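Dear colleague,

I am handing over the structure below, and my notes on its pockets follow it. Please read them with the model open beside you.

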Amino acid sequence: MWRCSQAVQTTAQWLRRNTSSYYVAQFARTHQHHYSVRLYSPSACSITTAFGQSSLLHHPILSGSDSHPSLVRYGDVKTNNLLNPLLITSHAFSTRGGKRPRVPQMRDLQSVEEVIITAYEYLDDMSRRDVSAVWARIALLMTKPESKQRVQSSSNNNIGAHSFEDMKNMLRKIFDDTVNGTEQCNMRALTETILAMAKIAKILRQQGKSKGEDSSRVILRRLLLIKDMKPNRNMFQFFAGASMDILDQSDARCLSNLAYAYALIDHVPEFDDGSDLFDHIAMNAVDIQIKFNAQDISNMAWAYATVGKPHAVLFEALGDQIVVVANEHLGEFKPQELSNTVWAYAKAGLSHPKLFEKVAYHVDSLDSLDRFKPQALSNIVWAYATAGAHQPKLFEKVANRIIASNKLDAFEPQALSNIVWAFATADAPHAKLFEKVANHIAGHEHLNRFDPQALSNIVWAYAAAQFPHPSESCRGCYPVQRRVHFPRCCQSPLVKRYHGYYRQATVLINCADGGKSD
């Protein structure tokens with residue numbers, strides 16, 4: 001292809017020197033048809049140099065006269081929306097001295113729009129791995145505010161200058177190339193593509209629709225989601241089928257990424273023989289369990305627990321692997337990976353006492369828990385309480401870490417609810433912890449963030465732990481003498497609205513006492 005493109009450019013230069021401008025433009029039109037000329041490029045293109053701007057600018061073929069149809073009608077992007085309609089790019093013409101053009105690194109691009117434009121320009125030069133990197137970069141950039149992306153991409157003058165139709169055509173072209181190229185993908189490129197698209201779908205669902213959002217988000221939503229904001233399961237089912245054909249080529253990272261991707265969108269692809277994708281991933285994972293690293297184990301366990309597939313053989317194998325390497329390699333687990341792993345076993349309802357023992361000993365042996373985020377602390381104590389794993393030292397260490405925090409603003413309401421619930425359930429009450437949490441919740445500004453179920457769990461936990469709030473001026477609700485009371489001074493609309501939930505908590509408390517509710 002590269003020799004052909006060099007010959008085309010040489011011919012174009014000869015025509016420019018020896019023939020009329022009509023034949024020059026006619027040649028351009030012919031090879032636009034044969035060599036997939038792109039009608040947009042952020043950079044200057046070789047076809048413009050080859051044919052000359054002056055001959056193209058004034059010729060009727062490019063100006064769209066009645067006698068000659070416009071060249072731009074055969075392209076994907078309308079030139080009347082471009083900054084310079086003469087920048088007509090052909091991958092066939094971009095020879096760079098006969099060598100394959102170097103595809104830009106996606107990690108160097110700073111906005112979703114910039115990634116789409118660049119990928120569109122270089123699409124014919126990209127390997128399957130390059131295409132997967134496009135989707136991965138889009139997924140990463142979508143976690144950043146749109147305004148920040150625009151500022152960081154301001155050095156590219158073409159960014160933001162394209163119509164909705166331009167962006168739709170470019171992104172659709174990239175999407176079609178991705179789908180049509182699955183047969184040429186190896187397992188790594190395929191799983192990275194699926195994972196990136198799953199992340200994008202999840203982000204779009206979480207963020208929802210908003211006025212003034214970038215056109216790229218609207219188009220991505222149409223491609224990856226259906227009308228009710230659910231993932232496009234037909235598309236993800238297609239990718240699942242494609243992955244089955246080469247699943248035996250998967251390493252540990254590919255298997256964990258594949259399971260993690262489908263857990264993000266809460267979808268378990270099923271096949272005609274009655275099996276599903278997670279069944280096949282588990283069978284392959286058990287055979288290579290020794291090759292799983294900390295992130296692979298954490299992602300795999302989290303994925304199966306999230307989609308409700310408690311595969312006992314897989315969980316036993318992963319747990320055994322952790323126990324075997326615990327003394328030497330448990331330190332390789334990041335705090336989030338540790339918390340996700342034990343959370344997954346508790347969520348799946350699968351017991352592995354040695355695993356919980358090893359993790360508890362490791363956490364207790366750490367000099368500090370400062371690296372553990374609030375959600376990780378919450379998940380750990382919730383997992384041990386749910387699994388019935390009695391580890392007093394672990395609970396004491398976590399409690400001391402929370403007490404040492406200046407404020408609890410970093411803790412989500414659900415996390416605080418789970419923490420006090422876990423301490424009460426594990427029969428590991430900690431007076432200073434309960435007091436700090438109670439003082440935090442007491443203010444109206446914090447109380448209004450809690451949903452009814454979280455408040456119900458908190459009330460139950462304080463009653464079960466037999467810990468009444470010491471303040472007589474509490475503006476929220478608090479258990480006193482094993483009953484839920486509402487101070488007269490409390491005028492919070494939330495309390496009035498969810499009075500029924502507090503009564504539900506009273507029922508739970510009285511049932512725990514063996515008594516009856518009012």
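The second largest pocket is lined by Lys199, Lys202, Ile203, Gln206, Tyr260, Leu264, Ser298, Asn299, Trp302, Gln336, Glu337 and Asn340, where a pocket is an open set of points on a 1 Å grid over the protein atoms alone, where a 1.4 Å probe fits, with protein on both sides within 12 Å along at least five of seven lines, and lining residues have an atom within 4 Å of a point. Two or more of these residues come from each of α10, α13, α15 and α17 (335-348), with helices being DSSP runs of H or I of at least four residues and strands runs of E of at least two, numbered from the N terminus. α10 supplies the largest share, 4 residues, and the volume is about 300 Å³, taken as the space filled by probe spheres set on grid points joined across faces, edges and corners.

This is a predicted model, in which local features need pLDDT of at least 70 and side-chain atom pairs count only at pLDDT 80 or more, while totals for chains, interfaces and linings use all residues. Residues are numbered from 1 along each chain as its sequence is written, and side-chain values use heavy atoms, without hydrogens and water.

The largest pocket holds about 450 Å³ of space. Its lining has 19 residues, and Ala136, Glu192, Leu195, Lys199 and Asn257 lie nearest the centre. Here too α10 gives the most, with 7 residues.

With best wishes
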